[in-house]
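Please look through the sequence and the model before reading on. The report below takes up aromatic rings and then the surroundings of the ligand.

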Amino acid sequence: DKGGWSSFMAKEISEEPEAVANTIRGRIHEGQVEIPELDGLDELFAGINRVIIVACGTAAYAGQVGKYAIEQWARIPVDVELAHEFRYRDPVIGDDTLVVSISQSGETMDTLMAVKYAHERGAKTLSICNTQGATIPRESDAIVYTHAGPEVAVASTKAFVAQITALYLLGLHVGRVRGTLSAVEAEQHVRELESIPAKIRRIIDEEQGRIEQLAHWMADTRSVLFLGRHVGFPIAMEGALKLKELAYIHAEGFAAGELKHGPIALIEAGQPVFVIVPSPRESAELHKKVVSNIEEIRARGARVIAIAEEGDAAVLPHADEVLRIPLAGPLFEPLLAVIPLHIYAMALSMAKGLDVDQPRNLAKSVTVE
Ligand code: BG6
């Protein structure tokens with residue numbers, strides 16, 4: 001039931017704040033992460049020296065965001081692999097490896113086969129899944145459910161922010177178990193995570209109208225580029241994926257630092273480029289670099305739509321449009337920066353008169369390899 005919304009996707013984007021809040025709920029006790037499902041499983045994390053995240057599509061981008069946080073908090077190397085690539089290259093894994101799978105449906109065959117393969121090779125497996133009792137969690141040693149609620153639109157939105165939230169909870173938990181994160185630090189991150197739902201709500205309330213207007217003007221656009229750096233890089237790729245899926249527009253996400261090594265050749269007059277700008281307070285150096293990337297593409301005629309923190313005045317002279325997100329610590333920005341991109345892809349699809357919930361050629365859950 002769309003509950004009065006024009007599409008399931010519109011409903012599900014509006015539920016992104018709750019997807020984060022419900023995934024956190026019941027897993028914080030006195031400022032510390034306590035995941036009941038992981039009770040008694042400390043040995044699962046104690047004996048490992050690497051993590052491999054396997055997933056497909058949007059879930060793989062959530063994994064890439066999670067990598068930054070888990071490495072930083074738990075000081076353990078994390079690789080992210082597309083599930084269908086993983087088992088065909090004879091990966092180096094064993095009982096020192098934790099394979100974390102991410103799947104909204106829990107039924108994606110590529111991801112399931114990667115988990116089974118990891119299990120056969122003696123690795124430990126943990127499933128991050130949005131569907132209770134699905135096949136992938138049943139095949140795994142441990143489960144952390146996301147509580148985004150049922151997701152009906154084929155392209156994933158609220159499950160994506162819930163997946164990042166679950167990965168962050170996991171990163172904080174493993175950091176505490178391994179002793180790489182103090183209780184005080186963990187509590188700061190917990191508080192920050194708890195502040196995210198209200199911030200997402202603010203973006204929806206304050207920017208949705210402008211983004212829809214922007215999409216309306218851009219209905220004839222044939223190509224859109226997305227640039228991001230650090231945790232903004234997987235968000236750039238997620239923005240591009242959504243646009244391909246929903247609006248059938250050629251879109252690519254790039255690491256901003258890679259621009260000069262190739263993608264800048266694509267820039268010509270009028271090329272729309274979304275740029276996710278790191279916080280000038282939290283990451284002054286990266287902020288400066290990304291602003292100079294904006295200048296470079298602007299000088300070549302790009303039309304720049306910046307996603308920048310409230311109060312970041314330095315981007316104003318360089319961008320054609322600035323979409324604002326509330327202040328957040330650097331690792332938490334992705335949960336905010338992705339919201340305008342989800343709204344934009346949906347709005348552009350609608351401006352083109354397409355079916356946002358059922359894009360052509362796609363299925364919600366792909367149960368063949
Ligand atoms: C694709 C869906 O087929 O599968 C994507 O169209 C999704 O939206 C991907 O991200 C992975 O699905 P799941 O259920 O494993 O998260």
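Which residues do ring pairs link into a cluster? Trp-73, Tyr-168 and Phe-332 are the residues that ring pairs link in this way.

## Basis of the report

This is a predicted model, in which local features need pLDDT of at least 70 and side-chain atom pairs count only at pLDDT 80 or more, while totals for chains, interfaces and linings use all residues. Residues are numbered from 1 along each chain as its sequence is written, and side-chain values use heavy atoms, with hydrogens and water left out.

## Aromatic pairs

A search of the whole structure finds six aromatic pairs; rings of Phe, Tyr and Trp (its six-membered ring) pair if their centres lie within 6.5 Å, and planes under 30 degrees apart count as stacked, over 60 as edge-to-face and the rest as tilted. One of these is the edge-to-face pair of Phe-86 and Tyr-117, with 5.9 Å from centre to centre and 85° between the planes. Phe-86 belongs to helix H5 (residues 83-86) and Tyr-117 to helix H6 (residues 109-120), so the pair ties together parts that are 31 residues apart in sequence; helices (H or I, at least four residues) and strands (E, at least two) are DSSP runs, numbered from the N terminus. Phe-86 counts as buried at 0% relative accessibility, and Tyr-117 counts as buried at 12%, where buried means under 20% relative accessible area, exposed over 50% and partly exposed in between (1.4 Å probe, protein chains only).

The rings of Tyr-168 and Phe-332 have centres 5.5 Å apart and planes at 85°, so this pair too is edge-to-face. The pair links distant parts of the chain, 164 residues apart, with Tyr-168 in helix H8 (residues 158-177) and Phe-332 in the loop between strand S12 (321-325) and helix H12 (333-351). Both Tyr-168 and Phe-332 are buried.

Thr-58 is found in helix H4 (residues 58-74) and is buried, with a relative accessible area of 7%. Its side chain is joined to that of Glu-238 by a polar contact of 3.1 Å, a polar contact being a pair of N or O atoms within 3.5 Å; within protein, one must be able to donate a hydrogen and the other to accept it, and residues adjacent in sequence count only if both atoms are side-chain atoms.

A backbone N or O atom of Thr-58 also lies 3.1 Å from an oxygen atom of the ligand. Polar side-chain atoms lie 2.6 Å from a ligand oxygen atom in the case of Ser-103 and 2.5 Å from a ligand oxygen atom in the case of Thr-108.
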